[in-house]
Amino acid sequence: MMNPLGYFVLVALVGASFAATQVTQRTVSSHLTTQDQERFDKVFSEGLKSNDLQALYFSSANVALPANDVASSCKRLFSLHAESKLNDFEKNFYLIGARKNFGCKEALPAKVETAVKAALAKEASTSQEIYYNFHSAKLVAVTVDEKVRTALGKNLQTVLKKDDSLNSLGHAFAVASELGPTGAFAYDRIEEAFVQADEVDGKMLQFEGGLSITALIVNGGFRLATSLGKPTPITAEQAVKFANYFLSRASVQTPKGVSVLLESLNLLASQKTIAPICVRLANNGQLLPESPVLRVKVCDLLGNPLKPALAALSTTVFSLTTKQELVGKVNLVPSKDDATLFTYNLQSTSPSRGQYRVDVEAAPSYRQQLKVSVLGKVRVSSLEVGVGDTDSTASSVKRHSVAHPSKLATVLNADSQQKVLLKTNLVDEASGKPITVHQAFVLLRHQETGQEIIFVAETDTSKAYKFEMDVGARAVDFGHKSGLYELRLIVGDALLSNSFQWYLADLELKFPTTETAAGKQATVGASSRQPLPEIVHQFRTPEKRPARFFSDLFTALCVAPLVILFGLWAKLGVNVKNFPLSLGAVGFHLGLGAILVLFGVFWLRLNMFETIRYLIPLALFTFFCGNRMLRKIARGRSEK
């Protein structure tokens with residue numbers, strides 16, 4: 001009998017397994033749109049006009065060439081093939097494939113046809129070469145019998161032993177999928193290839209090399225598994241991540257990129273056991289208070305309706321504000337006009353303004369979490385505006401009540417000794433309760449110049465918005481520009497369907513007009529419109545040199561030892577009879593003297609870097625000559 005601890009562990013493992021199953025979604029949040037498909041068609045249409053052999057092939061494989069352009073396009077095709085610098089096996093494949101897609105009447109060059117037939121009989125050095133040669137042979141209807149398949153299989157195995165890169169494996173998978181049982185050896189390498197996929201943000205899988213290599217591995221791996229009747233090479237979770245990667249590359253602009261992208265998405269969508277589907281909001285996720293209809297779009301990766309259609313699609317809605325369930329598990333209603341659209345009207349639940357989490361489920365495999373916002377309407381419950389002295393209390397200021405959206409009939413007047421006050425209460429139109437909004441601004445606009453200045457309205461403890469402006473203290477912000485200003489209230493929020501800007505009153509402001517203020521403002525205004533001074537790099541100013549007397553004294557002290565040396569030589573008599581008359585000795589002393597002269601020139605006018613530039617060759621010359629001189633002296637002593 002199982003002990004209690006073992007029973008507990010078993011229950012924990014089962015629970016964890018169940019939880020892991022619940023989070024398996026098999027859903028993505030995007031798909032190819034009509035705009036994507038139109039852009040792809042444009043890429044292929046431009047590719048048909050291209051002078052690139054590869055672009056012509058992939059474009060012709062996806063869109064039909066207009067009948068009027070067949071003759072000129074075929075002529076251009078053969079010309080591009082002759083001029084192409086691609087490998088022979090690659091450019092031959094593009095020529096043969098594009099010629100077939102175009103429906104060209106011109107025969108293939110005999111040289112090309114002979115090369116294709118001979119290619120299958122010889123050993124290839126890369127799997128890419130085998131891939132292009134094999135598919136070229138298929139296009140020209142060359143018979144590929146069992147003997148040829150066996151030879152190709154052996155060739156592939158030999159090539160993969162030398163090169164097992166992702167590019168090589170991908171082409172090998174594609175060829176092996178055409179060889180039947182002979183290509184079964186390649187299936188064992190699929191796991192080796194897919195384990196090299198890089199995960200991005202836990203949401204995408206891709207291979208190093210980008211879209212082309214990723215598509216090559218995925219397409220080749222799936223085709224090989226299908227041809228051998230083996231299980232799919234990736235899990236449902238991996239299929240979701242690969243699908244996310246391919247959909248993220250929907251902006252690709254080359255015919256080859258678009259072609260392999262469409263091929264990969266079609267392949268993933270056709271794998272019924274693991275294929276992810278797209279579950280997303282059919283609109284921007286904002287539900288209007290008068291008609292809170294939830295719209296969910298469900299389709300395959302290419303935006304097409306699911307076949308077969310889902311038996312049922314249910315949803316549960318939670319409030320992110322209250323953390324409570326708004327709607328239990330209810331079925332969404334399929335649209336009669338659009339097979340990809342499902343709806344549910346939340347009107348009966350009277351959802352309040354806020355954000356909600358929508359859990360969508362199609363048992364047993366598909367789950368998706370969405371977020372929607374139920375918008376509300378704001379109403380101005382009351383608004384008071386007034387002008388009072390700067391040192392007066394807010395309660396003593398005379399206020400004028402203004403009803404939204406009316407405008408105050410009288411003009412308010414305020415000078416530099418006064419302040420402007422505004423207080424408003426915003427409430428939810430449905431519940432009548434006070435609300436706060438993301439944006440509450442007071443805007444003042446000069447009627448003549450259109451100059452605007454915006455202030456933030458702050459909330460108090462009762463959630464009322466207040467604005468107070470000391471006219472004199474704010475004179476600089478207004479540029480001391482007196483005159484008639486429009487007083488406006490701006491209210492906005494992401495969860496409001498009726499954000500507004502309300503022109504509520506006219507306000508006459510009078511600022512100090514002293515010459516000092518005016519002159520200062522004119523100077524500031526003029527300087528603010530002038531170009532800033534040019535920034536010029538300057539080296540540090542050299543330090544002040546000592547007096548000439550000290551410089552001369554220091555120079556004399558430095559030269560004194562040399563003068564003393566020459567004086568002593570003259571007094572004692574210099575013996576130069578043993579001076580070796582050789583090229584090395586003369587060069588050594590000349591080099592040594594040149595170095596001393598260079599130091600003198602450095603003292604007078606050169607800098608350190610210039611001195612080093614001259615010193616290096618002189619030092620090398622002196623070292624070489626000194627070495628030869630010393631060797632000659634040593635050789636002479638040994639002979640004695």
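Predicted model: local features only at pLDDT ≥ 70, side-chain atom pairs only at ≥ 80, totals over all residues.

Trainee: How many disulfides does the count come to?

Mentor: The count comes to one disulfide. This disulfide joins C74 to C104, with an S to S distance of 1.8 Å.

Trainee: Which parts of the chain does the pair link?

Mentor: The pair links distant parts of the chain, 30 residues apart: C74 is in helix α4, and C104 is in the loop between α5 and α6.

Trainee: Is the disulfide left-handed or right-handed?

Mentor: The torsion about the S-S bond of C74 and C104 is about -95°, so the disulfide is left-handed.

Trainee: Are C74 and C104 buried or exposed?

Mentor: Both C74 and C104 are buried.

Trainee: Turning to helix α6, which of its residues are buried?

Mentor: Helix α6 covers residues 110-119, and its buried residues are V112, V116 and A119. Seen down the axis of α6, these buried residues fall within an arc of 70°, so they line one face of the helix.

Trainee: Why would residues three or four places apart point the same way?

Mentor: Because an α-helix has 3.6 residues a turn, residues three or four places apart point the same way.

Trainee: What do the buried residues of α6 pack against?

Mentor: They pack against α4 (70-83), α5 (88-102) and α7 (127-139).

Trainee: Which exposed residues sit on the face of α6 turned away from its buried side?

Mentor: That face carries the exposed residues A110, K111 and T114.

Trainee: Next topic: how many salt bridges does a search of the whole structure find?

Mentor: The search finds 22 salt bridges. One of these links K407 with D506, the closest N and O atoms being 2.8 Å apart.

Trainee: Where do K407 and D506 lie?

Mentor: K407 lies in the loop between β14 (399-401) and β15 (411-414), whereas D506 is in strand β22 (residues 500-509), so the pair ties together parts that are 99 residues apart in sequence. K407 is partly exposed at 39% relative accessibility, while D506 is buried at 10%.

Trainee: What about R367, which residue does it meet in a salt bridge?

Mentor: The side chain of R367 meets that of E361, at 3.6 Å from N to O. R367 is buried, with 15% relative accessibility, and E361 is partly exposed, with 22%.

Trainee: Which residue forms a salt bridge with R357?

Mentor: D359 does, and the closest N and O atoms are 2.9 Å apart. R357 is partly exposed, its relative accessible area being 26%.

Trainee: Which residues are linked in a network of salt bridges?

Mentor: R445, E452, E486 and R488 are linked in such a network.

Trainee: Finally, the surface: which residues form a nonpolar patch there?

Mentor: V559, L562, V563, L565, F566 and W569 form the patch, and together they have about 560 Å² of accessible area. Among them, L562 is found in helix α15, which covers residues 548-572. L562 counts as partly exposed, at 47% relative accessibility.

How values were computed
Residues numbered from 1 in each chain as written. Heavy atoms only, no water. Patch = residues over 30% accessible without salt bridge, like charges linked within 9 Å, V, L, I, M, F, W, Y side chains within 5 Å. Areas by Shrake-Rupley, 256 points an atom, 1.4 Å probe, with all protein chains shown as cover. Salt bridge = Lys/Arg side-chain N within 4 Å of Asp/Glu carboxyl O. Helix = DSSP H or I, 4+ residues; strand = E, 2+ residues; numbered from the N terminus. Buried < 20%, exposed > 50% of the residue type's maximum accessible area, 1.4 Å probe, protein only. Arc of directions from axis to C-beta. Contact = heavy atoms within 4.5 Å. Disulfide = S-S within 2.5 Å.
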